[in-house]
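Hi,

Here is the structure I promised to pass on to you. Have a look at it first, and then read on for my notes.

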Amino acid sequence: MNLSIIVPTFNEAPNVEELIRRIGAFVAPGTAEVVFVDDSTDDTPAVVRRVAASAPLPVRVIHRETATGGLGGAVLEGIAAAQARVCVVMDGDLQHPPEEIPALVGRYEQGGADVVIASRYAGGATSRGLADRTRVFVSKASVAVTRAMFPVRLRGVSDPMTGFFLIDTEAVDLRGLKPRGFKILLETLARRSVRVAEIPFDFAERTAGESKASLRQGVHFLTQLTLLRFGKMSAFAVVGGLGAVVNLAIVWALTRLGVDYIVAAVIAAEVTIIGNFVLMELFVFRDMKAEASAMWSRFAKSFGFNNAEALVRIPVMALMVETWHLSAVVATAITLVVAFIVRFVFHSLVVYAPRKPGAKSGAREFAEKIDEQAMSPGEL
Ligand code: GDD
Ligand code: MN
């Protein structure tokens, strides 16, 4: 047995037969097995057993009475029960085409990778299966925030949220991981040091049944992110908060000395921006400086961004008050929260991006990525 294919299922009865048929079409006898880990309330386990009887490869179903850890827990349970050292994890709704499995295995066999990710966002891939524009936006935004929070561990990973990947279970220690909802791969990449490779794939539309992704999963995801990486972002927040206090203090002091309030505000803003940069260099992004671009270049990016942001934020806020009829306080709060996140993403992915010898600059690559997304049909 060379390969165990782990399929977590929750009410996927109408998809089981075709999934097994399509896997069976390329698997050589005796080389692979399929393990369903099921938390269904429908007849999925019975359908699996019926189809298994005539399948060209061993097919098992582990039906769990209590769905501990949800999808992530099911994946870990499947891996623990696998016969083979190498496991492929995939969804049971045919959004992950089984025909991509040989490519995953092929990449693994080339060596140098403990995890091979089937990515919806690598070059040549598509994510057309995402239900609607909102889903596309949420997915891309969460990938950006996640990568910003783990810029080193997720370097070269375009899709840390995919549910389609291969894992070498002897190279990666999965014990002690706390599966929470959907993002088991992210948990693995964030907590273990693994060598990662990617292949692009076309994320298909769901064949039958409905998605279990929900607002609740979204909340799960945010909790997971916060727990995984409270460190960097909270340090960033502390620096930002300190900056705000200093900003106020300077405005207060200067106006008391008789300086015009606009001049005072500008001086305070610039002093704060520079002070924040120094603190970020010293505390927040210290571990990333060595691999990032030169200090003056980091400063130029950070300074430019913060000035642009300050210029943009006030008209945006005014627009929100005028068109959405929000109170000025609510509008300010919303713009500050959004600005905080965007600023964090920008600093992690651009200002402190590792420079790759001979490659494009971080800013350039970021701009191209945004451009690519803006130009692709039906997105954003
Ligand atoms: N055992 C078990 N327990 N399986 C579950 C559970 C659960 O609680 N919840 C969902 N599943 C199964 C589904 O039956 C399906 O086979 C797979 O997990 C993915 O669930 P979907 O409901 O199809 O999720 P999705 O298509 O919205 O999400 C997929 O894409 C996400 C990225 O956008 C998944 O691959 C996610 O892992 C991925 O993050
Ligand atoms: Mn799905």
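Below I go through the sheet, the metal site, the salt bridges and one glutamate. Please keep in mind that this is a predicted model.

The sheet

Let's start with the sheet. Seven strands make up an open sheet, and their order is E3-E2-E1-E4-E6-E5-E7. The pairing is mixed. At the edges sit strand E3 (59-63) and strand E7 (196-200), each of which pairs on one side only. From one strand to the next, the twist averages 20°.

Strand E1 (residues 3-9) and strand E2 (residues 32-38) run parallel and are joined by seven bridges. One contact to look up is Ile5, whose bridge partner in E2 is Val34. Helix H1 (residues 13-24) packs on the sheet, where it touches E1, E2 and E3. The direction of H1 makes about 160° with that of E2.

The metal site

Which residues coordinate the manganese ion (ligand 2)? They are Asp93, through OD, and Gln95, through OE1, at 1.9 to 2.0 Å. Asp93 is buried, with a relative accessible area of 4%. Gln95 counts as buried too, at 10% relative accessibility.

The salt bridges

How many salt bridges does a search of the whole structure find? The search finds 13.

Glu99 and Arg22 meet through their side chains in a salt bridge, at 2.9 Å from N to O. Glu99 lies in the loop between strand E4 (86-89) and helix H4 (101-109), while Arg22 belongs to helix H1, so this pair ties together parts that are 77 residues apart in sequence. Arg22 is buried, with a relative accessible area of 18%, whereas Glu99 counts as partly exposed at 40% relative accessibility. Both residues also belong to a network of salt bridges that links Glu18, Arg21, Arg22 and Glu99.

The side chains of Arg64 and Asp39 form another salt bridge, at 2.8 Å from N to O. This pair links distant parts of the chain, 25 residues apart: Arg64 is in the loop between E3 and helix H3 (70-81), and Asp39 is in the loop between E2 and helix H2 (44-53). Are these two residues buried or exposed? Both Arg64 and Asp39 are buried.

Then there is Arg120, which forms a salt bridge with Asp159; the closest N and O atoms are 2.8 Å apart. Arg120 lies in the loop between strand E5 (115-119) and helix H5 (133-149), and Asp159 in the loop between H5 and strand E6 (165-168), so the pair ties together parts that are 39 residues apart in sequence. Arg120 is buried, with a relative accessible area of 8%. Asp159 is buried as well, with a relative accessible area of 0%.

A glutamate in helix H9

Finally, take a look at Glu281, which lies in helix H9 (residues 261-284). At 7% relative accessibility, Glu281 counts as buried, because the cut-off for that is under 20%. Leaving aside residues up to four places away in sequence, Glu281 touches Arg286, Lys289, Met295, Arg298 and Tyr352.

Happy browsing, and do write back with any questions.

Best wishes

How values were computed. Residues are numbered from 1 along each chain as its sequence is written. Chains are lettered from A and ligands numbered from 1 in the order in which they are written. This is a predicted model: local features need pLDDT of at least 70, side-chain atom pairs count only at pLDDT 80 or more; totals for chains, interfaces and linings use all residues. Side-chain values use heavy atoms; hydrogens and water are left out. Two strands pair if DSSP finds at least two bridges between them. Helices (H or I, at least four residues) and strands (E, at least two) are DSSP runs, numbered from the N terminus. Axes are lines fitted to C-alpha atoms, for helices over the stretch in contact, and angles run from 0 to 180 degrees between N-to-C directions. Contact means heavy atoms within 4.5 Å. Donors are N, O and S atoms within 2.8 Å of the metal (3.2 Å for Na, K and Ca); water is not among the atoms, so sites may look incomplete. Buried means under 20% relative accessible area, exposed over 50%, partly exposed in between (1.4 Å probe, protein chains only). A salt bridge is a side-chain nitrogen of Lys or Arg within 4 Å of a carboxyl oxygen of Asp or Glu.
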